[in-house]
Amino acid sequence: AVARDSTWAPAWAALAEVAELRIWHSEARPEDMTRQEFNPIALAESERAARRALELDPKNASALIALGSVHRNRAEWEKSEAAYLQALELDPDNAEAHQQYGDLLLNVGRIAEAVRVMDRAAVLDGAPIRLGMLSFALDVDTRLAESLELSELELSRLTDPAQRAGALRNKAISHLEQGDLAAAIDAYDEADRVDPDDDGPWFESRDQIEEFVNGIAGGNLADVPVGLRGEMRPLHWLMVGQQDSAVVDGLERMDQQPFGRVIEFRRPRLEPLRSDPRVEEWLAERGLADLPEVRTPEAERTRPMVLREAGE
């Protein structure tokens with residue numbers, strides 16, 4: 001579209017959004033480039049397209065959303081928030097603006113705000129990805145029961161096998177940390193049956209799943225089969241008393257994300273990791289060392305609007 005009409009702002013804005021989205025999909029990256037090499041190039045392309053769209057139309061909300069995401073992924077928090085808020089001022093009912101702004105708020109520890117903003121996104125557009133992110137935000141807000149409800153709603157709308165498997169494995173982790181071992185086993189089992197070829201925990205049998213889950217829940221690494229330890233996540237390592245392994249694994253996972261992507265470390269159960277000097281340094285590089293985490297006070301918690309609407 002840009003090639004046919006280089007003065008059409010919506011095309012430039014769409015190009016900006018697509019360029020930013022590429023960094024989240026490994027298949028969109030050239031095979032001879034690492035994520036660390038590719039991301040700055042993609043973000044620069046996105047920024048150029050967004051600024052061109054804004055030159056043509058300063059009120060193009062999509063271009064501002066893309067620009068906000070570029071800044072967020074570079075850990076330029078204030079610039080990111082300014083762009084998202086400008087987009088929302090222009091288009092208050094833009095679900096994508098609410099979604100991406102909520103992601104920013106989670107990164108910087110403004111968790112209560114993130115829940116409200118992501119709930120608005122899910123009400124405006126109940127796509128599975130919005131439900132999944134709200135579920136994660138509620139988890140970080142220590143509202144696990146509602147988080148699992150959102151996870152169920154997300155699963156009811158997911159049709160892609162790989163996406164369903166990923167959501168089921170996230171659900172399994174939530175059940176495991178709550179101590180509901182039977183539900184965790186069921187979720188892992190269903191995930192492997194839904195998409196046995198997906199990248200993730202590959203279990204040869206339900207017995208093997210039970211051994212994995214029971215070993216972690218028991219708190220003893222020796223009870224987790226050696227061949228399955230490659231499937232463990234930071235929370236699992238903490239549950240078996242291996243904080244150093246949790247730190248190493250957590251940092252490795254987060255280093256595979258854009259520079260400004262830190263929300264995994266916002267999980268309350270991973271709080272012990274944030275006092276580790278390696279994690280403190282990692283957060284300081286992103287300007288987050290001294291930012292407080294603000295969760296929703298118990299007295300101010302209300303049932304998410306998207307769940308209220310789903311129950312009507």
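Student: Against which helices do the buried residues of α4 pack?

Tutor: They pack against α3 (61-73) and α5 (95-107), in the sense of contact, that is, heavy atoms within 4.5 Å. Helices here are DSSP runs (H or I, at least four residues), numbered from the N terminus. The model is a predicted one, in which local features need pLDDT of at least 70 and side-chain atom pairs count only at pLDDT 80 or more, while totals for chains, interfaces and linings use all residues. Residues are numbered from 1 along each chain as its sequence is written, and side-chain values use heavy atoms, with hydrogens and water left out.

Student: Which residues of α4 are buried, and why are they said to line one face?

Tutor: The buried ones are W77, S80, E81, A83, Y84, A87 and L88, where buried means under 20% relative accessible area, exposed over 50%, and partly exposed in between (1.4 Å probe, protein chains only). Seen down the axis of α4, these residues fall within an arc of 165°, so they line one face of the helix. The arc is taken from the directions from the helix axis to the C-beta atoms. E78, K79 and E89, on the other side of α4, are exposed.

Student: What are the polar contacts of the E81 side chain?

Tutor: E81 is in helix α4 (residues 77-90). Its side chain meets the side chain of Y101 at 2.7 Å and that of R110 at 3.0 Å. A polar contact is a pair of N or O atoms within 3.5 Å; within protein, one must be able to donate a hydrogen and the other to accept it, and residues adjacent in sequence count only if both atoms are side-chain atoms. The E81 to Y101 pair and the E81 to R110 pair are therefore both listed as polar contacts under that limit.

Student: Why is the pair of F203 and F212 called tilted?

Tutor: Rings of Phe, Tyr and Trp (its six-membered ring) pair if their centres lie within 6.5 Å; planes under 30 degrees apart count as stacked, over 60 as edge-to-face and the rest as tilted. By this rule the count comes to five aromatic pairs. The centres of F203 and F212 are 5.4 Å apart and their planes stand at 55°, so the pair is tilted. F203 counts as buried because its relative accessibility is 11%, and F212 is buried at 0%.

Student: What makes the pair of F265 and W282 edge-to-face?

Tutor: With ring centres 5.4 Å apart, the planes of F265 and W282 lie at 70°, so this pair is edge-to-face. F265 lies in the loop between α13 (243-255) and α14 (277-284) and W282 in helix α14, so the pair ties together parts that are 17 residues apart in sequence.

Student: How do you know that R286 lies over the face of W282?

Tutor: R286 is 3.7 Å from the ring centre of W282 and 4.1 Å from that of F259, over whose face it also lies. A charge sits over a ring if NZ of Lys or CZ of Arg is within 6 Å of the ring centre and within 35 degrees of the ring normal.

Student: Why does R229 count as partly exposed?

Tutor: Its relative accessibility is 23%, so R229 counts as partly exposed. R229 lies in the loop between α11 (206-217) and α12 (234-239).

Terms used
Helices (H or I, at least four residues) and strands (E, at least two) are DSSP runs, numbered from the N terminus.
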